[in-house]
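The structure comes first, then the notes.

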Amino acid sequence: MGSLFRSEEMALCQLFLQSEAAYACVSELGELGLVQFRDLNPDVNAFQRKFVNEVRRCDEMERKLRYLEKEIKKDGIPMLDTGESPEAPQPREMIDLEATFEKLENELREVNQNAEALKRNFLELTELKHILRKTQVFFDEQEGGANQTTESMTRALITDEARTAGASMGPVQLGFVAGVILRERLPPFERMLWRACRGNVFLRQAMIETPLEDPTNGDQVHKSVFIIFFQGDQLKTRVKKICEGFRATLYPCPEAPADRREMAMGVMTRIEDLNTVLGQTQDHRHRVLVAAAKNLKNWFVKVRKIKAIYHTLNLFNLDVTQKCLIAECWVPLLDFETIQLALRRGTERSGSSVPPILNRMQTFENPPTYNRTNKFTKAFQALIDAYGVASYREMNPAPYTIITFPFLFAVMFGDLGHGAIMALFGLWMIRKEKGLAAQKTDNEIWNIFFGGRYIIFLMGVFSMYTGLIYNDIFSKSLNIFGSHWQMSYNKSTVMENKYLQLSPKDDYEGTPYPFGMDPIWQVAGSNKIIFHNAYKMKISIIFGVIHMVFGVVMSWHNHTYFRNRISMIYEFIPQLVFLLLLFFYMVLLMFIKWIKFAATNPKPYSEACAPSILITFIDMVLFNKPKDPVKGCEVYMFWGQHFVQVLFVLLALCCIPIMLLAKPMLIMQARKLANEEVQPIAGASSDAETGGVSNGGPHGGGGPHEEEEEMSEIFIHQSIHTIEYVLGSVSHTASYLRLWALSLAHAQLAEVLWTMVLSIGLKQEGWFGGVILTCVFAFWAILTVGILVLMEGLSAFLHTLRLHWVEFQSKFYKGQGYAFQPFSFDAIIENGSAATEVE
């Protein structure tokens with residue numbers, strides 16, 4: 001089979017590179033993305049490796065680029081992204097890149113420091129301007145004749161002794177300080193002044209209406225101007241300490257009006273000059289950032305490629321001459337020539353005359369699993385890998401999951417309307433995938449939806465198909481071909497009588513509906529749910545048994561590929577026979593019942609004579625004969641049914657000891673013959689070495705030689721495997737009934753939503769009814785999308801995932817491998833970082 005159905009064949013190779021050509025060759029391999037290197041220096045400290053200095057230089061360049069990116073995003077400058085990936089620069093270009101980044105960082109830091117100093121100066125001048133304006137009001141009152149207020153304030157601040165002494169010395173002069181404080185600190189600041197100065201200070205404050213910019217972080221802050229009057233140097237010292245504690249900024253404020261006016265004029269002139277300088281500084285900063293934004297994406301790519309190359313080179317070994325680097329790597333066999341061509345290109349680019357050597361090595365290690373994917377199959381492969389990465393060359397369930405996953409989902413979610421919503425959403429993401437992929441986001445939910453866009457689209461399309469089969473669209477039916485049932489009741493009786501039932505014998509015309517279900521079942525009354533219940537339950541079992549049989553057949557391909565004859569003969573055949581004789585026989589009984597029994601048929605094949613499939617299956621397993629039938633009816637569905645059922649059960653029971661004992665006994669016999677130096681029986685020798693399970697394939701890459709497993713452990717393992725399969729066949733068959741249960745639940749929930757929400761708006765009349773219908777429809781649409789599409793869709797998705805992981809894949813899939821992780825620049829850049837941090 002091709003690589004679509006199995007992982008790629010891998011080979012462990014040894015690579016010899018000349019030191020001068022190693023960088024260019026690894027660069028070419030990184031662009032190719034098909035080589036997984038092994039660490040040949042696991043015991044060497046990361047800081048003691050050969051190219052650790054180059055990695056550190058790359059880290060420093062990345063730090064500078066992140067600083068530039070932060071400043072560019074702060075100014076909201078768009079970064080140019082052409083979508084192209086430049087090649088990794090040559091080692092000599094690192095010096096030029098370092099010089100460029102150093103120059104940009106120093107220039108930007110200098111500009112930022114100058115701008116911060118200018119902004120701080122501008123803030124101080126602005127605060128001083130507000131102080132001169134706000135305090136001028138008080139001084140104008142004092143100079144304009146408001147002496148009574150001033151005298152009362154003065155009397156409040158002067159003690160009795162000072163007042164007596166001042167009477168002989170003239171008027172007392174009050175000192176004052178003015179400043180600016182954050183508005184939220186003003187109330188505790190005022191309380192502290194009052195308590196610390198014991199009420200001997202007078203505070204006046206006024207808010208600054210416009211917010212001011214903090215030069216440190218650029219935040220907008222609200223501040224207030226204050227002026228504090230006091231008497232004496234002692235209070236002056238105390239006031240200044242309190243201002244310092246509350247981080248209030250004090251400014252000089254002249255007492256003379258002429259000095260204040262002169263200072264205000266000087267402040268306004270300096271503010272205008274600062275505005276001019278700040279504008280020029282911001283323009284220069286903007287020009288620097290715009291120039292850097294044009295190349296920032298490419299610079300990031302170049303630095304990360306250089307860093308990834310040197311990190312990879314640290315995995316290599318040096319030969320004794322110190323002129324050759326030796327590497328070991330896993331490569332896909334199909335790409336062997338492509339890798340050699342890439343190495344040749346790298347050698348030519350470096351100008352080396354010594355060609356690289358790529359030798360295939362013999363190994364007993366398990367190779368990594370590499371499944372080629374594209375943008376369509378990638379999401380389905382991710383579902384499989386989430387359960388477990390396939391063992392090397394094991395059958396890959398992903399190609400089959402592309403069909404079975406959306407189909408089983410649609411069986412549970414079958415609704416034409418809901419499926420159309422899901423399909424349109426998936427189609428929109430597919431049509432816009434280039435633009436949406438370029439808009440990288442950290443929203444995990446959106447990334448999950450976008451990554452599974454093809455799954456969503458297929459689930460929607462398949463749901464539309466099953467919705468047509470069920471004839472269900474938003475809980476209503478489509479009458480495309482006209483009903484094939486004739487009823488003698490009038491319309492009101494049909495619509496209002498909840499106990500009305502369809503009679504297949506009297507009302508059915510005899511010709512089936514051309515496609516899907518007849519729309520008459522929408523108004524069939526109480527037997528609508530009975531009919532849907534029986535129909536969906538049976539198709540759930542049919543789909544489930546077919547799915548499990550297919551899984552067992554897949555195990556045959558694994559046994560034949562790995563040449564494991566013991567497992568093929570004594571596991572696969574008994575498992576398939578057990579499943580077919582019991583559960584596939586039950587499926588055949590369903591088809592026989594559908595074909596032979598009908599309401600219009602005479603006895604013994606009328607509807608009244610149809611036996612229960614479940615009771616028949618139980619009697620078959622218990623070897624019970626059917627009970628006495630209704631008069632005129634046959635006991636069995638076909639001639640010789642009892643003999644066939646007894647034979648099938650006996651054969652199925654005989655399969656159990658074969659599955660349980662045959663393989664361990666043959667392994668024990670093969671070991672005994674090997675110990676006696678006698679040629680083992682055919683097919684048993686290769687299995688005896690690994691406990692009967694061969695890990696290798698015909699193309700190499702087997703598991704390592706291990707000590708023989710104890711026979712007791714082999715018997716225990718086989719017992720567990722047999723019991724799990726036998727009991728699991730029963731439980732897994734019952735597990736597929738979730739297809740029936742969720743399908744009925746989804747249909748009933750849609751019907752309830754229509755009946756209890758939308759039908760209320762449809763019953764209203766007149767213009768008021770139109771308004772009500774608009775509101776009700778909006779509410780119904782929100783509930784439909786939120787509950788029936790999103791929540792029910794997620795529930796059906798999880799149940800479908802479980803059916804594939806447990807019921808289907810457990811029949812053949814071990815998932816005990818490890819993923820192939822090649823050295824790829826595309827993966828490194830897509831992840832947003834080089835993923836090559838020094839450990």
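## Packing of α11 and α23

In this predicted model, helix α11 (residues 398–413) packs with helix α23 (residues 738–762) at an angle of about 45°. Their axes are 6 Å apart.

On the α11 side, the contact uses Leu408, Val411, Met412 and Phe413. They meet Arg738, Leu739, Leu742, Ser743 and His746 of α23. By class, the residues of this contact are six nonpolar, two polar and one charged.

## The buried side of α19

Which residues of helix α19 (residues 613–621) are buried? They are Ile613, Thr616, Phe617, Asp619 and Met620. Around the axis they cover an arc of only 165°, so they lie on the same side of α19. An α-helix has 3.6 residues a turn, so residues three or four places apart point the same way.

What do the buried residues of α19 pack against? Their partners are α18 (565–596) and α20. Just after α19 comes Phe623, with a positive phi of about 60°.

## Arg671 in α20

Helix α20 spans residues 641–675 and holds Arg671. Is Arg671 buried or exposed? Its relative accessible area is 10%. The cut-off for buried is under 20%, so Arg671 counts as buried.

Arg671 and Met711 are 40 residues apart along the chain. Their C-alpha atoms are separated by 10.0 Å.

Note on methods. Residues numbered from 1 in each chain as written. Predicted model: local features only at pLDDT ≥ 70, side-chain atom pairs only at ≥ 80, totals over all residues. Heavy atoms only, no water. Axes fitted to C-alpha atoms, helices over the stretch in contact; angles between N-to-C directions. Helix = DSSP H or I, 4+ residues; strand = E, 2+ residues; numbered from the N terminus. Contact = heavy atoms within 4.5 Å. Nonpolar A, V, L, I, M, F, W, Y, C, P; charged D, E, K, R; others polar. Buried < 20%, exposed > 50% of the residue type's maximum accessible area, 1.4 Å probe, protein only. Arc of directions from axis to C-beta.
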